[in-house]
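Have a look at the chains below, and then we can walk through a few of their contacts together.

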Amino acid sequence: MAFNRFVSHRAAVVSVFVMLILVVFVALSPLTARYGVNEAVQAPPNYFLTPRANAWLGTDDIGRDLYSRLIYGVRVSLVIGLFSAIISVVLGCLIGSVAGFRGGRFDDVVMRVTDLFLAFPFLVTLLVMRNVLGAIDWLRPVIGDISSVRFIIVLFAVFGWMGVARIVRGQVLALKEREFIEAARAVGASRWYIVRRHLLPNSIGPIMVALTFSVVSAIISESTLAFFGYGPQAGEGATSLGILVGAAKGAVNTGFWWLAVFPCLTLVMIALSINFIGDALRDATDPRMQKES
Amino acid sequence: MKKHNKASRIAASLFAISLIASACGGDDAATEDTTASEEPAAEPVSYPTLAECADVTYDYAYTPPASAGMTVTYDISPAAVWEDGSPITAADFKATWEAALNTPGSISTVGYDQIDSVEAGSSDKQVVVEFKSVYGPYKGLFSGLIKAASVANASDISADFADFIGFSGRPWKMKSWSPSQVVYVPNDKYWGSDKAATKQLVMVPLADSDTEVAAIKAGEVDFVYPQFYGGIEEAYTDPNITLKKEFGGDYEGFYFQSKCGPFANPIFRAAFSKSIDRDALFQQIYVPLGGESPLQCGPIVPGPYCNGDEFSNAYDPAGAEALLTENGWTKGADGYWIDPATGTAPDIRWIINTGNTRRENTQAYLIPLLNAAGFKVRADNCDAACYFQQRLPALDYDMAMYISTAPPDPGYLTPSFTCDQIPTAANNNQGQNSTGWCNAEASDLLHNADFEADATKRAELIKSALKLMAADSIMLPLFQFPKAGFWRTDKVGGPVDAELRNYTSFINNHLWTDLDGDGKVVIGAEQWPECLNPLTECANSSWMVWTTINQVMPGAFATTNDGAYVVTNLLTGEPTVTLK
Amino acid sequence: MFRFVLRRLAWAVPTLVFVTFLVYVALRTGTDPVASYKRINPRATPAKIEQYIQANGLDPNYVRGYFTWLRHFVTLEWPRSIKGSREVWPQLKDALANTIRLGIAASTVGIVVGLMLGIFAALRPGGRRDVAVNTAAFVGISIPPYVSAILFQLLFAVYWSKWFGSTLFPTSGVYPPGHTGFDPLLMAKHMVLPTVVVAIQIIAVYSRYMRSSLLDVLSSEYMRTARSKGISERRVLFKHGLRNALIPVVTIAALDVGAIVGGLIITENIFSYPGMGKYFLSAFGEGDFPLLMPWMVIIVASTLMFNLLADISYAWLDPRIRLE
């Protein structure tokens with residue numbers, strides 16, 4: 001049922017294929033990338049070459065192949081997106097279901113913190129909290145240095161759970177009133193049992209949707225941070241989509257269009273594909289839609 | 001409604017408590033830097049490890065040559081007057097000295113603190129300056145005179161000139177200054193023959209390099225003087241825009257910290273330095289920036305103080321290998337050279353400031369090559385504030401890469417490369433030698449140069465010190481940066497390209513002519529001063545000096561495009577120098 | 001209604017104080033204002049540093065420090081900026097004016113176009129134009145503002161002049177460098193590109209809100225009743241449908257100000273537009289506490305104000321909501 005509805009969302013099906021191809025390319029990166037991440041395509045002069053046979057998408061300021069770097073960059077960005085989304089979804093589910101189930105003061109507090117953070121301009125909150133988290137010395141062994149990929153993942157997870165918690169809480173509140181939960185309660189099932197056996201399985205649709213949107217927002221946030229020079233320092237061996245998009249800024253006036261166009265298009269393509277997939281998932285798992293069809 | 005607000009307050013206070021807790025929690029978590037091996041060296045020769053850095057001491061002391069001092073007598077041109085027609089006199093020299101020396105927060109006390117007195121000589125137009133000892137770089141003093149009558153108290157001018165400099169002894173005088181533009185009009189009392197050629201000179205701030213390109217292309221400014229970057233010539237491509245590229249005082253280099261850590265061992269340092277192929281690096285990183293050949297002088301740009309071959313032929317991979325092998329170093333299973341004294345491969349921390357594309361590119365290019373050559377180099381970067389304010393001054397690095405600006409006088413080398421300036425307990429860790437290089441012979445040479453009034457002898461002393469620097473592999477010069485002026489050939493004429501590598505860049509702008517008939521020449525400034533005080537922190541920016549001080553403050557000497565000092569028309573001729 | 005507004009206003013003040021306290025703590029923890037001061041003014045005397053600490057309320061005790069800061073802030077004894085020791089208000093005022101102008105332009109364009117597209121799409125759900133609008137909205141949501149800004153810059157700063165020989169829209173600033181005085185036409189020309197970039201985001205979001213909201217209303221019982229009474233389709237739509245569909249959209253509009261401000265911050269920076277965003281990022285980069293705090297107060301206050309407006313407009317538009 002749900003699968004059929006998903007498949008009927010044509011854009012989403014195309015997006016799934018796009019993402020699959022991308023993931024395969026990234027997973028096989030030593031094979032699919034034509035050069036190493038810091039390898040020049042040829043001896044100097046090799047800088048700012050236009051797209052050509054030995055550099056399909058052109059080269060950057062030290063002669064590195066943009067195509068290969070995009071593959072390595074997308075790898076880092078996908079890792080950031082997936083890990084921070086998974087952590088924030090797990091956190092969000094826990095907090096959201098507890099808030100929804102217990103209600104009362106805990107619920108109020110969690111939802112008010114969430115409102116507060118979500119109302120503030122995101123970039124400002126992100127930059128300020130990045131500095132605050134980075135200034136806490138005893139956290140450093142756990143979350144890593146301020147410019148590490150690990151730190152970025154933790155930072156995004158710290159924000160990401162709020163949106164998810166809101167969704168899960170809404171689900172829990174709605175489901176709480178349904179008959180099968182009442183019935184389970186009546187036969188003396190423990191709260192944890194109800195959460196595990198009934199609430200979470202019934203919320204899986206919205207949670208999957210939340211997961212996809214978390215991935216997108218983490219990837220875009222990473223790019224935003226990197227664009228303004230606050231991004232991850234992927235170390236001497238790697239790059240990230242954000243770093244490549246950030247370099248696009250400098251390529252505008254010089255007219256090196258490939259350095260601006262390809263990273264930007266890759267970012268938009270990824271964001272659009274995941275957004276379409278999330279949209280289709282939402283349609284496919286929306287109970288209201290179930291009734292109508 | 002009420003309930004919700006209460007809840008939000010609770011939420012907010014929880015959040016605040018966690019923040020406070022986290023803020024206070026930093027104190028009990030001491031982070032120990034244990035990157036280096038601390039095992040005692042088995043070999044007879046051992047070098048200080050990182051952990052022992054704070055305990056390193058040097059028994060170097062410099063004894064200045066016995067001297068009773070020096071007198072410099074300046075004769076001011078009888079025609080020299082301020083913008084109101086009042087004569088420029090010895091009183092102005094005296095006020096400048098007092099202000100530079102005594103104003104709180106003055107950044108230009110160097111040299112003025114060597115002066116005993118500044119008095120009028122046979123007339124108001126003669127200045128007699130008594131120095132405590134011989135002072136070699138005296139030509140750099142009195143380069144921007146302050147008009148004595150314009151300040152209430154010459155011993156503290158920190159509150160003056162916040163947003164306007166009203167006096168002038170140059171072809172222009174300031175008409176108005178604001179955070180968005182400065183306007184100069186001709187100074188009709190200027191005594192020289194090089195009077196201003198247009199009715200107005202306007203300078204405006206351009207926020208960033210993109211704005212700069214857009215502004216000159218749109219004809220909003222006539223001239224810009226941007227930092228060079230890869231692709232800049234493409235960015236400025238326009239039929240009406242032309243450029244002149246010259247090599248100025250900015251240079252970049254690698255620096256090896258030798259106070260403690262892996263590079264305290266001179267053999268290892270020499271081998272490492274010999275393994276860097278600067279020519280290949282230059283082709284990859286600096287040719288796109290307009291580079292023609294690597295800098296070979298050392299931490300100084302070509303000119304009277306270097307021969308230009310001090311550091312050539314530094315690349316010698318076979319020599320590096322032989323040097324290490326002879327001294328008992330072997331390559332381990334992972335391909336890294338192993339120190340016979342410790343049995344481990346030294347960990348080399350290469351620091352740069354994050355976000356600097358050129359330096360990140362250099363790391364990306366060079367680290368794999370150095371690793372392949374057997375050196376365990378890794379990037380250990382932090383942001384600009386941490387890099388320049390903490391790690392470099394604390395010598396908390398092994399290899400660094402940064403850019404410096406060489407003033408025309410080589411006196412800046414003394415604080416940067418002498419033993420007594422290495423931060424140690426002896427100088428309260430305030431020394432400015434951030435390479436930790438201590439070579440007693442070189443330190444003596446550099447110090448002696450400061451006490452040498454004869455220009456030729458002084459140059460020989462500096463050159464000898466540079467040779468020692470190369471022999472000790474303490475740094476590798478990389479690149480002398482181009483300075484480029486871009487201007488609209490349809491809007492501005494005259495000698496626009498004549499002073500582009502001068503330390504006082506485009507100082508000749510009063511000679512530029514207006515071609516498009518709008519009655520003004522407009523210069524776009526890459527940085528804009530926050531305040532105009534010529535002595536305090538305000539003046540700690542090249543653009544501040546170029547856009548304000550140089551336009552109105554007359555000086556005894558001016559720098560030429562070739563980095564030499566020449567007497568200006570403020571004086572009747574070379575001042576007389578007598579040694580006591 | 002009046003009492004409701006008053007009560008909400010009375011609560012807004014303590015909330016503002018509390019949130020600014022959080023911001024104060026966060027900035028002190030994250031940027032270390034004293035270290036920033038010493039970094040920018042390396043030759044500052046101990047007396048100057050002490051004076052800076054006093055003026056900014058940088059007491060080791062955060063609560064006491066915050067109230068010192070608050071007292072100075074309320075009595076308008078604002079400390080001067082770390083860099084260049086400049087007065088804060090003149091800069092902040094200009095930045096605020098520029099941003100409000102850009103924000104109003106972008107939200108007006110964005111909301112009007114967005115709502116119209118949403119209505120346009122909802123009238124024939126599932127039709128070709130619905131799909132077109134929906135897909136376009138998705139693309140709009142998926143393009144971060146800096147990406148569209150870069151592509152616009154590439155087009156207008158580089159290629160337009162290359163192809164057509166003249167610049168159509170300037171890509172930076174409010175005025176050309178060196179311009180003095182007020183010139184609305186020139187200003188409008190400089191605002192076109194940043195406005196479009198921010199508006200794209202708003203259009204994408206609002207067309208979707210409006211579409212789903214209108215679809216909900218059109219399929220509701222009372223609309224069916226209205227239709228069954230024989231009222232014409234056009235009258236149904238404009239008399240009943242739009243008004244009801246606008247209720248949730250208006251609420252979201254007021255709550256969405258944070259997102260719009262976020263988009264403005266990013267956009268302003270790319271177009272070198274001297275507004276609140278450029279002000280914030282440069283002050284944040286320097287760790288300039290005296291510049292940052294008043295900025296934060298304005299942002300927090302406006303966020304709270306728009307939240308309040310959302311509540312009030314919701315209550316006012318929807319007669320089903322009982323006040324008290």
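At what angle do the axes of α1(C) and helix α4 of chain C cross? In this predicted model, the two axes come within 10 Å and cross at roughly 115°. Angles of 65 to 115 degrees count as roughly perpendicular, so α1(C) is roughly perpendicular to α4(C). The crossing of this pair is right-handed. On the α1(C) side, the contact is made by F21(C), Y24(C), V25(C) and R28(C), while α4(C) brings Y62(C), Y66(C) and W69(C). By class, the residues of this contact are six nonpolar, no polar and one charged.

Chain C also meets a neighbour: 32 of its residues are in contact with 31 residues of chain A. Several helices, including α1 (2-31) and α13 (289-317) of chain C, each supply at least two residues of the side that touches chain A. The largest share, eight residues, comes from α7(C). That side of chain C has 22 nonpolar and ten polar residues, with no charged ones.

Now to chain B. Here an open sheet of ten strands shows mixed pairing, in the order β4-β5-β6-β17-β7-β14-β8-β13-β11-β12. Its edge strands each pair on one side only:

| Edge strand | Residues |
|---|---|
| β4 (chain B) | 172-178 |
| β12 (chain B) | 376-379 |

Within the sheet, β5(B) and β6(B) run antiparallel and are joined by three bridges. Y184(B) has L201(B) as its bridge partner in β6(B). Helix α3 of chain B (residues 209-217) lies across β7, β8, β14 and β17 of chain B, running at about 160° to β17(B).

Terms used. Residues numbered from 1 in each chain as written. Chains lettered and ligands numbered in written order. Predicted model: local features only at pLDDT ≥ 70, side-chain atom pairs only at ≥ 80, totals over all residues. Contact = placed C-beta atoms within 7 Å. Helix = DSSP H or I, 4+ residues; strand = E, 2+ residues; numbered from the N terminus. Nonpolar A, V, L, I, M, F, W, Y, C, P; charged D, E, K, R; others polar. Axes fitted to C-alpha atoms, helices over the stretch in contact; angles between N-to-C directions. Parallel < 35°, antiparallel > 145°, perpendicular 65-115°, else oblique. Left-handed = near helix turned anticlockwise from the far one by under 90°. Pairing = 2+ DSSP bridges.
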